[in-house]
Structure formats: structure tokens, C-alpha cells
Amino acid sequence: MSDALKMLPRSPQERVELCLDALRKIYPRLDLASHIIGDPITVSWEADPNFLGAFKGALPGHYRYTRRMYCHFRQDELPAAERGIFMAGDGVSWTPGWVEGAVQTALNAVWGIMHHLSGECDPANPGPGDRFDKLKPIELPE
Ligand SMILES: Cc1cc2nc3c(=O)[nH]c(=O)nc-3n(C[C@H](O)[C@H](O)[C@H](O)COP(=O)(O)OP(=O)(O)OC[C@H]3O[C@@H](n4cnc5c(N)ncnc54)[C@H](O)[C@@H]3O)c2cc1C
């Protein structure tokens, strides 16, 4: 974010020049600029009116929502018609803004898909859904 904010006030052309200049130092023998065939487009998150910051999730009061999203991969209790879609990544993570949660939720989703298709883990190497009842985040009253 600190680097991105330095780019924010610059025009697209200035941003491109800054990036090319930095890349030139890393790849001195590569002429990246010669590969640009149109007007470059640059996007700055921080200039988006709906951008709420990297750590917009998991704030006080969000526990119930985060818990619901995080636990969605265990679908045995859901009505049959609501099973079969699995979410993974930063957006459903317990720790949004860190890659660790993205990886955790990906592993959860893989377990969920495997279980949905009647697969199972080696009992000697249980997956996240197998240990879920013991380790799941506690449910708080609404
Ligand atoms: C500036 C910045 C700094 C960060 N620093 C750290 C750090 O130091 N440590 C840390 O742990 N985490 C850091 N993070 C967070 C980390 O990058 C994320 O948690 C992680 O990348 C999320 O992984 P993901 O797979 O959920 O999503 P992403 O990595 O965002 O992957 C989503 C992918 O989906 C693609 N996509 C989107 N829409 C579509 C579509 N319609 N069709 C096909 N593909 C699509 C996107 O192009 C993207 O490749 C940082 C994030 C940012 C932005």
C-alpha cells in the first residue's frame, strides 16, 4: 500500500514511466518499452470509491459473517439444493489481507469438493473437514 500510494497522484503516463524505469534497473538488457503497442491503462485501488482498505474484513462485529463464510465448506447440514458451491480465497478468509487465509480456505474448499464427490482422506492424514467438529470456530449468539 505504501508503494501504491506513491503512484496514486501520478498520471497513467507517469506511472508507466516510473514502472518501466524500475523494471529497467532489474532487467537492464530487456527493452520492455518497445513491447507497448497501445495506451497503457493503470488502475489504483485507492482511487476506487468502493475501496475500503486492505483490512476491511474481520473487524469488530464481523465475527458471525466471517464464521459463516469460513465454515461454508462443511455442507453436510445444508439443504441438498444448497450444496456444491465452494468458496476459497481472501474474501472468505478468517484473516483477510494475508495470503495464509487464502491458502487455508483453498485447502478447506478442496476438502469440501472431495467430500461432496464422496471422496475421503487417508484416516492417518485427516483433512480440515475431518477435524472440523473438534476445531471449528465457536458459534456465538446473534
Ligand atoms: C498491496 C498488497 C500487499 C500485500 N502484502 C501481503 C503480505 O505482505 N503478506 C501477506 O500474507 N499477504 C499480503 N497481501 C494479501 C495477499 O496478496 C492476498 O491475501 C492473496 O493474494 C489472496 O489470494 P487469493 O487467491 O484469494 O486472491 P488473488 O491473489 O487476488 O487471486 C484472485 C485471482 O482471480 C483472478 N480473477 C478475478 N476475476 C476473475 C474472473 N472473472 N475470471 C478469472 N480470473 C479472475 C485475478 O486476476 C487473480 O489472479 C497483500 C495484498 C496487496 C494487495
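Biologist: What volume does the largest cavity have?
Modeller: The largest cavity has a volume of about 50 Å³, where a cavity is a set of points, on a 1 Å grid over the protein atoms alone, at which a 1.4 Å probe fits but cannot get out, and a volume is the space filled by probe spheres set on the points, joined across faces, edges and corners. This is a predicted model, in which local features need pLDDT of at least 70 and side-chain atom pairs count only at pLDDT 80 or more, while totals for chains, interfaces and linings use all residues. Residues are numbered from 1 along each chain as its sequence is written, and side-chain values use heavy atoms, with hydrogens and water left out.

Biologist: Which residues line the largest cavity?
Modeller: Among them are Met 69, Tyr 70, Phe 86 and Asn 108, with a lining residue having an atom within 4 Å of a point. By class, that lining has six nonpolar, three polar and no charged residues, with Ala, Val, Leu, Ile, Met, Phe, Trp, Tyr, Cys and Pro taken as nonpolar, Asp, Glu, Lys and Arg as charged, and the others, Gly among them, as polar.

Biologist: Switching to the ligand, which residues surround it?
Modeller: The ligand is surrounded by Met 1, Trp 45, Gly 89, Asp 90, Gly 97, Trp 98, Val 99 and Ala 102, a residue being near if one of its heavy atoms lies within 4 Å.

Biologist: And how far is a ligand oxygen from the side chain of Asp 90?
Modeller: An oxygen atom of the ligand lies 2.6 Å from a side-chain N or O atom of Asp 90, and a ligand oxygen is 2.9 Å from a polar backbone atom of Val 99.

Definitions and conventions
A polar contact is a pair of N or O atoms within 3.5 Å; within protein, one must be able to donate a hydrogen and the other to accept it, and residues adjacent in sequence count only if both atoms are side-chain atoms. On a 1 Å grid over the protein atoms alone, a cavity is a set of points where a 1.4 Å probe fits but cannot get out, and a pocket is an open set with protein on both sides within 12 Å along at least five of seven lines; lining residues have an atom within 4 Å of a point.
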